[in-house]
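I am opening my notebook on a new structure today.

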Amino acid sequence: MDTISRHQLLAISIIYQIGTTIIFGFASGAGRDSWLAVLISTVLGTAIIMVYVSVTHLNPGLTYIECYPKQFGKWLGTPIAWLHPLLFLYIAGRIVADINNLVPSTILPGTPSWAILAIFIIVIGYALFLGLKVMGRLAEIILPLLGLIYVVEVVLILSSGVIDLDNLFPLLDKGWNRVWKVVWPLGIIQSYGESLALAMIWTSVKPKGRVGRTMILSTLLAGSFIAYTDAMAVSVFGEEIFKRATYPMYALIQAINVADFITQLDATGVLYFCFMAFLKTYIYLFAAIRSIQKLTYAQSNRSFIMPVTVIAFVLGLTMAPNVIVHITVVEKIVPYSPIYLSLMIFIPMVLMAVSWLRRKQV
Amino acid sequence: MASFIAFWKSEMMLKFPWVQPVVFVVVAIVLSFFTWFRKPRQERSKDSDSEE
(Lines give C-alpha, C1' and ligand atoms only; values in the text may rest on other atoms or scores of the structure.)
Protein backbone atom coordinates (compact mmCIF):
# COMPACT_ATOMS: atom_id res chain seq x y z
CA MET A 1 0.00 0.00 0.00
CA ASP A 2 1.16 3.59 -0.69
CA THR A 3 2.53 5.12 2.47
CA ILE A 4 3.92 8.54 3.29
CA SER A 5 5.86 9.76 6.29
CA ARG A 6 4.69 12.47 8.70
CA HIS A 7 7.20 14.86 7.20
CA GLN A 8 5.76 14.25 3.74
CA LEU A 9 2.26 14.78 5.12
CA LEU A 10 3.43 18.09 6.59
CA ALA A 11 4.87 19.20 3.24
CA ILE A 12 1.75 18.14 1.33
CA SER A 13 -0.55 19.84 3.85
CA ILE A 14 1.32 23.15 3.86
CA ILE A 15 1.36 23.39 0.07
CA TYR A 16 -2.26 22.21 -0.11
CA GLN A 17 -3.56 24.73 2.42
CA ILE A 18 -1.70 27.66 0.89
CA GLY A 19 -3.06 26.45 -2.45
CA THR A 20 -4.56 28.93 -4.84
CA THR A 21 -4.69 31.75 -2.28
CA ILE A 22 -1.11 32.47 -3.31
CA ILE A 23 -2.45 34.19 -6.41
CA PHE A 24 -6.12 34.98 -5.76
CA GLY A 25 -5.49 36.37 -2.33
CA PHE A 26 -7.57 35.66 0.67
CA ALA A 27 -9.92 37.77 2.72
CA SER A 28 -9.62 40.78 0.39
CA GLY A 29 -13.17 41.76 1.41
CA ALA A 30 -11.75 42.80 4.78
CA GLY A 31 -9.51 45.37 3.16
CA ARG A 32 -6.54 46.38 5.28
CA ASP A 33 -7.74 44.05 8.05
CA SER A 34 -7.44 41.01 5.78
CA TRP A 35 -4.39 39.66 7.62
CA LEU A 36 -6.39 39.74 10.86
CA ALA A 37 -9.28 37.89 9.17
CA VAL A 38 -6.79 35.28 7.95
CA LEU A 39 -5.39 34.72 11.44
CA ILE A 40 -8.88 34.32 12.92
CA SER A 41 -9.83 31.96 10.07
CA THR A 42 -6.67 29.95 10.80
CA VAL A 43 -7.60 29.47 14.46
CA LEU A 44 -11.16 28.44 13.62
CA GLY A 45 -9.96 26.35 10.69
CA THR A 46 -7.61 24.47 13.02
CA ALA A 47 -10.61 23.56 15.16
CA ILE A 48 -12.45 22.23 12.09
CA ILE A 49 -9.46 20.14 11.07
CA MET A 50 -9.24 18.71 14.59
CA VAL A 51 -12.86 17.56 14.16
CA TYR A 52 -11.79 15.58 11.07
CA VAL A 53 -8.77 14.17 12.94
CA SER A 54 -10.98 13.17 15.87
CA VAL A 55 -13.36 11.34 13.56
CA THR A 56 -10.51 9.26 12.15
CA HIS A 57 -9.10 8.60 15.64
CA LEU A 58 -12.50 7.45 16.90
CA ASN A 59 -12.79 5.08 13.92
CA PRO A 60 -9.32 3.50 13.71
CA GLY A 61 -8.37 1.69 10.52
CA LEU A 62 -11.12 3.34 8.45
CA THR A 63 -10.72 6.10 5.90
CA TYR A 64 -12.78 9.20 6.57
CA ILE A 65 -15.67 8.36 4.26
CA GLU A 66 -15.92 4.79 5.57
CA CYS A 67 -16.83 6.31 8.95
CA TYR A 68 -20.19 7.50 7.59
CA PRO A 69 -21.77 4.10 6.79
CA LYS A 70 -20.24 2.69 9.96
CA GLN A 71 -21.69 5.33 12.28
CA PHE A 72 -24.85 6.44 10.47
CA GLY A 73 -25.82 3.06 9.06
CA LYS A 74 -25.67 2.03 5.41
CA TRP A 75 -28.94 3.68 4.30
CA LEU A 76 -28.06 7.17 5.52
CA GLY A 77 -24.27 6.94 5.71
CA THR A 78 -23.66 5.65 2.17
CA PRO A 79 -25.31 8.58 0.29
CA ILE A 80 -23.52 11.04 2.58
CA ALA A 81 -20.25 9.22 1.86
CA TRP A 82 -20.92 9.40 -1.91
CA LEU A 83 -21.40 13.18 -1.68
CA HIS A 84 -17.69 13.48 -0.85
CA PRO A 85 -16.15 12.22 -4.12
CA LEU A 86 -18.68 14.37 -6.01
CA LEU A 87 -17.61 17.42 -4.02
CA PHE A 88 -13.92 16.59 -4.47
CA LEU A 89 -14.42 16.29 -8.24
CA TYR A 90 -16.21 19.62 -8.39
CA ILE A 91 -13.51 21.42 -6.39
CA ALA A 92 -10.79 19.81 -8.54
CA GLY A 93 -12.65 21.19 -11.56
CA ARG A 94 -12.59 24.63 -9.94
CA ILE A 95 -8.82 24.51 -9.51
CA VAL A 96 -8.38 23.42 -13.13
CA ALA A 97 -10.58 26.41 -14.05
CA ASP A 98 -8.21 28.63 -12.00
CA ILE A 99 -5.37 27.45 -14.23
CA ASN A 100 -7.61 28.00 -17.27
CA ASN A 101 -8.13 31.62 -16.26
CA LEU A 102 -4.66 32.51 -14.99
CA VAL A 103 -2.11 30.94 -17.33
CA PRO A 104 -3.54 32.10 -20.70
CA SER A 105 -3.96 35.64 -19.36
CA THR A 106 -0.45 35.89 -17.92
CA ILE A 107 2.41 33.84 -19.30
CA LEU A 108 0.93 31.92 -22.26
CA PRO A 109 -1.52 34.29 -23.98
CA GLY A 110 -1.22 32.68 -27.42
CA THR A 111 -1.70 29.06 -26.30
CA PRO A 112 -5.21 27.58 -26.45
CA SER A 113 -6.65 26.86 -23.00
CA TRP A 114 -7.51 23.27 -23.84
CA ALA A 115 -3.84 22.56 -24.65
CA ILE A 116 -2.63 24.01 -21.34
CA LEU A 117 -5.24 22.09 -19.38
CA ALA A 118 -4.68 18.87 -21.32
CA ILE A 119 -0.99 18.86 -20.42
CA PHE A 120 -1.79 19.76 -16.82
CA ILE A 121 -4.31 16.92 -16.51
CA ILE A 122 -2.08 14.36 -18.27
CA VAL A 123 0.70 15.07 -15.77
CA ILE A 124 -1.76 14.76 -12.88
CA GLY A 125 -3.08 11.49 -14.31
CA TYR A 126 0.47 10.17 -14.54
CA ALA A 127 1.13 11.22 -10.94
CA LEU A 128 -2.06 9.44 -9.86
CA PHE A 129 -0.83 6.24 -11.52
CA LEU A 130 2.49 6.53 -9.72
CA GLY A 131 0.79 6.80 -6.35
CA LEU A 132 0.78 8.91 -3.22
CA LYS A 133 4.33 8.01 -2.21
CA VAL A 134 5.74 9.79 -5.27
CA MET A 135 3.69 12.91 -4.53
CA GLY A 136 4.90 12.83 -0.93
CA ARG A 137 8.51 12.80 -2.08
CA LEU A 138 7.82 15.55 -4.61
CA ALA A 139 6.20 17.78 -1.98
CA GLU A 140 9.14 17.16 0.36
CA ILE A 141 11.61 18.29 -2.29
CA ILE A 142 9.59 21.21 -3.67
CA LEU A 143 8.51 22.83 -0.38
CA PRO A 144 11.98 24.13 0.57
CA LEU A 145 12.45 25.39 -3.02
CA LEU A 146 9.14 27.23 -2.91
CA GLY A 147 10.10 28.64 0.47
CA LEU A 148 13.42 29.86 -0.92
CA ILE A 149 11.76 31.48 -3.96
CA TYR A 150 9.28 33.18 -1.65
CA VAL A 151 12.02 34.50 0.66
CA VAL A 152 13.90 35.90 -2.35
CA GLU A 153 10.72 37.59 -3.56
CA VAL A 154 10.10 39.13 -0.13
CA VAL A 155 13.67 40.45 -0.05
CA LEU A 156 13.23 41.90 -3.55
CA ILE A 157 9.90 43.50 -2.63
CA LEU A 158 11.54 45.08 0.41
CA SER A 159 14.45 46.24 -1.76
CA SER A 160 12.08 47.77 -4.32
CA GLY A 161 10.99 50.34 -1.74
CA VAL A 162 7.29 49.88 -2.53
CA ILE A 163 6.18 48.97 0.97
CA ASP A 164 4.35 51.62 2.98
CA LEU A 165 3.40 50.34 6.42
CA ASP A 166 0.99 53.27 6.90
CA ASN A 167 -1.38 51.46 4.52
CA LEU A 168 -1.98 48.87 7.27
CA PHE A 169 -3.39 51.47 9.68
CA PRO A 170 -5.71 52.42 11.21
CA LEU A 171 -6.54 48.89 12.24
CA LEU A 172 -10.23 47.94 12.39
CA ASP A 173 -11.33 51.47 11.52
CA LYS A 174 -14.46 50.03 9.89
CA GLY A 175 -15.13 47.72 12.81
CA TRP A 176 -15.22 43.94 13.14
CA ASN A 177 -18.18 43.46 10.83
CA ARG A 178 -16.27 43.13 7.59
CA VAL A 179 -13.70 40.88 9.27
CA TRP A 180 -16.41 38.44 10.44
CA LYS A 181 -18.10 38.56 7.04
CA VAL A 182 -14.89 37.25 5.52
CA VAL A 183 -14.12 34.73 8.27
CA TRP A 184 -17.56 33.10 8.22
CA PRO A 185 -18.06 31.07 6.19
CA LEU A 186 -15.58 31.63 3.32
CA GLY A 187 -12.49 32.06 5.48
CA ILE A 188 -13.05 28.79 7.31
CA ILE A 189 -14.15 26.78 4.28
CA GLN A 190 -11.38 27.93 1.98
CA SER A 191 -8.13 26.09 2.72
CA TYR A 192 -9.27 24.68 6.10
CA GLY A 193 -12.68 23.12 5.43
CA GLU A 194 -11.27 21.95 2.12
CA SER A 195 -8.66 19.96 4.10
CA LEU A 196 -11.42 17.36 4.20
CA ALA A 197 -9.74 15.82 1.15
CA LEU A 198 -6.51 15.45 3.14
CA ALA A 199 -8.44 13.25 5.58
CA MET A 200 -8.48 10.58 2.85
CA ILE A 201 -4.69 10.27 2.94
CA TRP A 202 -4.23 10.13 6.72
CA THR A 203 -4.58 6.35 6.78
CA SER A 204 -1.54 6.21 4.46
CA VAL A 205 0.71 7.94 7.00
CA LYS A 206 3.29 5.60 8.55
CA PRO A 207 4.23 5.43 11.34
CA LYS A 208 0.73 6.02 12.67
CA GLY A 209 0.04 8.66 15.25
CA ARG A 210 0.71 12.38 15.49
CA VAL A 211 -1.37 13.14 12.39
CA GLY A 212 -3.23 15.69 14.51
CA ARG A 213 -0.06 17.49 15.55
CA THR A 214 1.22 17.49 11.97
CA MET A 215 -2.03 18.99 10.72
CA ILE A 216 -2.09 21.68 13.42
CA LEU A 217 1.48 22.64 12.57
CA SER A 218 0.78 22.77 8.83
CA THR A 219 -2.40 24.82 9.36
CA LEU A 220 -0.66 27.36 11.56
CA LEU A 221 2.28 27.67 9.16
CA ALA A 222 0.04 28.03 6.11
CA GLY A 223 -2.21 30.55 7.88
CA SER A 224 0.77 32.62 9.02
CA PHE A 225 2.16 32.60 5.50
CA ILE A 226 -1.14 33.77 3.97
CA ALA A 227 -1.59 36.46 6.66
CA TYR A 228 1.94 37.78 6.08
CA THR A 229 1.45 37.83 2.30
CA ASP A 230 -1.87 39.66 2.67
CA ALA A 231 -0.28 42.24 4.97
CA MET A 232 2.52 42.75 2.47
CA ALA A 233 0.06 43.19 -0.42
CA VAL A 234 -1.98 45.75 1.56
CA SER A 235 1.15 47.66 2.53
CA VAL A 236 2.25 47.84 -1.12
CA PHE A 237 -1.06 48.62 -2.83
CA GLY A 238 -3.22 50.14 -0.14
CA GLU A 239 -6.69 48.98 0.74
CA GLU A 240 -8.71 50.00 -2.32
CA ILE A 241 -6.44 48.49 -4.96
CA PHE A 242 -5.97 45.31 -2.89
CA LYS A 243 -9.75 44.85 -2.60
CA ARG A 244 -10.31 45.32 -6.33
CA ALA A 245 -7.32 43.39 -7.70
CA THR A 246 -8.14 40.14 -9.49
CA TYR A 247 -4.78 38.57 -8.74
CA PRO A 248 -3.38 40.62 -5.85
CA MET A 249 -0.46 38.33 -5.14
CA TYR A 250 0.50 38.18 -8.80
CA ALA A 251 0.36 41.98 -8.88
CA LEU A 252 2.64 42.02 -5.82
CA ILE A 253 5.34 40.16 -7.71
CA GLN A 254 4.90 42.49 -10.67
CA ALA A 255 5.67 45.39 -8.31
CA ILE A 256 9.23 44.14 -7.84
CA ASN A 257 11.65 46.61 -9.40
CA VAL A 258 15.19 46.77 -8.06
CA ALA A 259 17.23 49.48 -9.78
CA ASP A 260 15.28 48.91 -13.03
CA PHE A 261 17.32 45.76 -13.38
CA ILE A 262 15.44 43.03 -11.51
CA THR A 263 11.92 43.30 -12.92
CA GLN A 264 9.28 41.19 -14.69
CA LEU A 265 9.34 38.32 -12.22
CA ASP A 266 5.67 37.45 -12.84
CA ALA A 267 6.57 34.05 -14.22
CA THR A 268 7.88 32.88 -10.82
CA GLY A 269 4.52 33.69 -9.26
CA VAL A 270 2.70 31.71 -11.92
CA LEU A 271 5.25 28.91 -11.50
CA TYR A 272 4.61 28.27 -7.86
CA PHE A 273 0.90 28.84 -8.31
CA CYS A 274 0.94 26.10 -10.95
CA PHE A 275 2.72 23.70 -8.61
CA MET A 276 0.38 24.44 -5.71
CA ALA A 277 -2.62 24.05 -8.01
CA PHE A 278 -1.09 20.79 -9.30
CA LEU A 279 -0.72 19.34 -5.81
CA LYS A 280 -4.14 20.52 -4.68
CA THR A 281 -5.82 19.04 -7.77
CA TYR A 282 -3.85 15.82 -7.26
CA ILE A 283 -5.04 15.49 -3.66
CA TYR A 284 -8.68 16.14 -4.60
CA LEU A 285 -8.59 13.63 -7.42
CA PHE A 286 -6.73 11.11 -5.27
CA ALA A 287 -9.35 11.58 -2.52
CA ALA A 288 -12.17 11.18 -5.06
CA ILE A 289 -10.60 8.03 -6.52
CA ARG A 290 -9.92 6.49 -3.13
CA SER A 291 -13.47 7.30 -1.99
CA ILE A 292 -14.93 5.68 -5.10
CA GLN A 293 -12.65 2.66 -4.62
CA LYS A 294 -13.80 2.21 -1.02
CA LEU A 295 -17.47 2.72 -1.84
CA THR A 296 -17.45 0.31 -4.78
CA TYR A 297 -15.28 -2.28 -2.96
CA ALA A 298 -12.84 -2.24 -5.88
CA GLN A 299 -9.51 -3.99 -5.43
CA SER A 300 -7.53 -1.37 -7.30
CA ASN A 301 -8.12 2.32 -7.95
CA ARG A 302 -6.40 2.44 -11.34
CA SER A 303 -9.56 1.92 -13.37
CA PHE A 304 -10.99 5.13 -11.91
CA ILE A 305 -8.02 7.37 -12.73
CA MET A 306 -8.84 7.99 -16.40
CA PRO A 307 -12.57 8.82 -15.99
CA VAL A 308 -11.90 11.04 -12.98
CA THR A 309 -9.16 13.04 -14.72
CA VAL A 310 -11.30 13.43 -17.86
CA ILE A 311 -14.20 14.72 -15.74
CA ALA A 312 -11.89 17.22 -14.00
CA PHE A 313 -10.59 18.36 -17.40
CA VAL A 314 -14.10 18.92 -18.80
CA LEU A 315 -15.26 20.70 -15.63
CA GLY A 316 -12.25 23.02 -15.63
CA LEU A 317 -12.49 23.80 -19.33
CA THR A 318 -16.20 24.61 -19.30
CA MET A 319 -16.73 26.03 -15.84
CA ALA A 320 -16.23 29.76 -16.24
CA PRO A 321 -16.14 32.03 -19.32
CA ASN A 322 -13.94 34.52 -17.47
CA VAL A 323 -12.17 35.01 -14.17
CA ILE A 324 -14.62 37.61 -12.82
CA VAL A 325 -17.56 35.20 -12.99
CA HIS A 326 -15.36 32.45 -11.57
CA ILE A 327 -14.35 34.55 -8.56
CA THR A 328 -17.94 35.78 -8.05
CA VAL A 329 -19.09 32.18 -7.61
CA VAL A 330 -16.40 31.60 -4.97
CA GLU A 331 -17.37 34.74 -3.07
CA LYS A 332 -21.16 34.66 -3.33
CA ILE A 333 -22.30 31.07 -3.90
CA VAL A 334 -19.73 28.53 -2.70
CA PRO A 335 -19.47 29.66 0.96
CA TYR A 336 -23.26 29.51 1.38
CA SER A 337 -23.75 26.27 -0.50
CA PRO A 338 -25.50 23.68 1.71
CA ILE A 339 -23.16 21.03 0.29
CA TYR A 340 -20.02 22.85 1.40
CA LEU A 341 -21.36 23.87 4.80
CA SER A 342 -22.83 20.47 5.62
CA LEU A 343 -19.96 18.30 4.43
CA MET A 344 -17.17 20.52 5.75
CA ILE A 345 -18.58 21.79 9.01
CA PHE A 346 -21.90 20.52 10.34
CA ILE A 347 -22.02 16.84 9.38
CA PRO A 348 -18.43 16.13 10.55
CA MET A 349 -19.35 17.58 13.94
CA VAL A 350 -22.38 15.30 14.14
CA LEU A 351 -20.24 12.36 13.01
CA MET A 352 -17.66 13.12 15.68
CA ALA A 353 -20.35 13.31 18.36
CA VAL A 354 -21.97 10.04 17.22
CA SER A 355 -18.58 8.27 17.01
CA TRP A 356 -17.65 9.46 20.48
CA LEU A 357 -21.00 8.41 22.02
CA ARG A 358 -20.86 4.96 20.42
CA ARG A 359 -17.30 4.44 21.56
CA LYS A 360 -18.29 5.47 25.07
CA GLN A 361 -21.13 2.94 25.05
CA VAL A 362 -18.74 0.18 24.00
CA MET B 1 -34.45 22.13 -17.83
CA ALA B 2 -31.77 20.91 -20.25
CA SER B 3 -29.44 23.68 -19.13
CA PHE B 4 -29.55 22.23 -15.61
CA ILE B 5 -27.38 19.37 -16.84
CA ALA B 6 -24.41 21.76 -16.90
CA PHE B 7 -24.98 22.70 -13.26
CA TRP B 8 -21.24 23.18 -12.61
CA LYS B 9 -20.96 26.17 -14.97
CA SER B 10 -20.53 29.52 -13.23
CA GLU B 11 -23.55 31.10 -14.95
CA MET B 12 -25.76 28.28 -13.71
CA MET B 13 -24.29 28.49 -10.22
CA LEU B 14 -25.07 32.22 -10.11
CA LYS B 15 -28.61 31.99 -11.56
CA PHE B 16 -29.72 28.71 -9.95
CA PRO B 17 -27.49 27.97 -6.95
CA TRP B 18 -29.92 25.32 -5.64
CA VAL B 19 -29.35 23.04 -8.66
CA GLN B 20 -25.90 21.84 -7.62
CA PRO B 21 -26.91 20.52 -4.15
CA VAL B 22 -30.00 18.83 -5.62
CA VAL B 23 -28.00 17.15 -8.40
CA PHE B 24 -25.33 16.05 -5.91
CA VAL B 25 -27.87 14.45 -3.58
CA VAL B 26 -29.68 12.69 -6.43
CA VAL B 27 -26.42 11.37 -7.92
CA ALA B 28 -25.19 10.29 -4.48
CA ILE B 29 -28.36 8.28 -3.89
CA VAL B 30 -28.14 6.68 -7.35
CA LEU B 31 -24.46 5.79 -6.80
CA SER B 32 -25.29 4.41 -3.37
CA PHE B 33 -27.02 1.51 -5.11
CA PHE B 34 -23.58 0.31 -6.19
CA THR B 35 -22.50 0.18 -2.57
CA TRP B 36 -25.70 -1.32 -1.20
CA PHE B 37 -26.10 -4.10 -3.71
CA ARG B 38 -22.51 -4.94 -4.65
CA LYS B 39 -21.04 -7.32 -2.12
CA PRO B 40 -17.57 -6.62 -0.91
CA ARG B 41 -15.04 -8.53 -2.99
CA GLN B 42 -14.02 -10.59 0.00
CA GLU B 43 -17.58 -11.73 0.64
CA ARG B 44 -17.98 -12.67 -3.03
CA SER B 45 -14.79 -14.68 -3.09
CA LYS B 46 -15.81 -16.39 0.17
CA ASP B 47 -19.17 -17.26 -1.36
CA SER B 48 -17.53 -18.77 -4.45
CA ASP B 49 -14.96 -20.67 -2.29
CA SER B 50 -17.69 -22.18 -0.13
CA GLU B 51 -19.70 -23.24 -3.21
CA GLU B 52 -16.66 -25.11 -4.55
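**Entry 1: a helix pair to start with**

I began with a helix contact in chain A, where Ile80(A), Leu83(A), His84(A) and Leu87(A) in H5(A) meet Ile339(A), Leu343(A) and Ile347(A) in H15(A). A reminder to myself: I am reading a predicted model. I sorted the residues of this contact by class and found 6 nonpolar, 1 polar and no charged residues.

Next I looked up how the two helices lie. H5(A) and helix H15 (residues 338-361) of chain A pack at an angle of about 120 degrees, and their axes are 11 Å apart. That angle makes H5(A) oblique to H15(A). I also noted that H5(A) passes H15(A) in a left-handed crossing.

**Entry 2: one residue from that contact**

I picked Leu343(A), which lies in helix H15 of chain A. Is Leu343(A) buried or exposed? It has 20 C-beta neighbours inside 10 Å, so Leu343(A) counts as buried; the cut-off for buried is 20 or more.

Which residues does Leu343(A) touch, leaving out those up to four places away in sequence? I found Leu83(A), His84(A), Leu87(A) and Leu196(A). Leu83(A), His84(A) and Leu87(A) are already in my first entry, as residues of H5(A). I also checked Leu343(A) against Gly193(A): they are 150 residues apart along the chain, and their C-alpha atoms are separated by 8.8 Å.

**Entry 3: H5(A) again, with another partner**

I stayed with H5(A) and turned to its packing with H12(A). Helix H5 (residues 74-106) of chain A and helix H12 (residues 266-295) of chain A pack at an angle of about 160 degrees, with 9 Å between their axes. H5(A) and H12(A) are therefore roughly antiparallel to each other; the cut-off here is an angle over 145 degrees. I wrote down a left-handed crossing for H5(A) passing H12(A). The residues of this contact divide into 22 nonpolar, 4 polar and 3 charged.

**Entry 4: the nonpolar core**

How many residues does the largest nonpolar core have? I read off 129 residues. Those with the most contacts inside this core are Ile15(A), Ala92(A), Val96(A), Tyr282(A), Ile283(A), Leu285(A) and Ala288(A).

Not counting residues up to four places away in sequence, Tyr282(A) touches Ile124(A), Ala127(A), Leu128(A) and Met135(A).

I moved on to helix H3 (residues 34-58) of chain A and helix H8 (residues 177-189) of chain A, which pack at an angle of about 35 degrees with their axes 9 Å apart. Here H3(A) passes H8(A) in a right-handed crossing.

Which residues make the contact? From H3(A) I listed Leu36(A), Ala37(A), Ile40(A), Ser41(A), Leu44(A), Gly45(A) and Ile48(A). From H8(A) I listed Val179(A), Val182(A), Val183(A), Gly187(A) and Ile188(A). By class, this contact has 9 nonpolar, 3 polar and no charged residues.

I looked up Gly147(A), found in helix H7 (residues 132-160) of chain A. With 13 other C-beta atoms within 10 Å, Gly147(A) is partly exposed. The C-alpha atoms of Gly147(A) and Tyr272(A) are separated by 10.0 Å, and the two residues are 125 residues apart along the chain.

Then I went to Arg302(A), which has its place in helix H13 (residues 302-318) of chain A. Arg302(A) counts as partly exposed because it has 13 C-beta neighbours inside 10 Å. From Arg302(A) to Asp33(A) I noted 269 residues in sequence and 46 Å in space, C-alpha to C-alpha.

I finished with chain B. Of its 52 residues, 15% count as buried.

How many residues of chain B are in contact with chain A? I noted 21 residues of chain B, in contact with 24 residues of chain A. On the chain B side, the elements that give two or more residues are helix H1 (10-15) and helix H2 (19-37) of chain B. H2(B) gives the most, with 11 residues. By class, I recorded 13 nonpolar, 4 polar and 4 charged residues on the side of chain B that touches chain A.

Terms used: Residues numbered from 1 in each chain as written. Chains lettered and ligands numbered in written order. Predicted model: local features only at pLDDT ≥ 70, side-chain atom pairs only at ≥ 80, totals over all residues. Contact = placed C-beta atoms within 7 Å. Helix = DSSP H or I, 4+ residues; strand = E, 2+ residues; numbered from the N terminus. Nonpolar A, V, L, I, M, F, W, Y, C, P; charged D, E, K, R; others polar. Core = buried A, V, L, I, M, F, W, Y, C linked by C-beta atoms within 7 Å. Buried ≥ 20, exposed ≤ 12 C-beta atoms within 10 Å, placed from the backbone. Axes fitted to C-alpha atoms, helices over the stretch in contact; angles between N-to-C directions. Parallel < 35°, antiparallel > 145°, perpendicular 65-115°, else oblique. Left-handed = near helix turned anticlockwise from the far one by under 90°.
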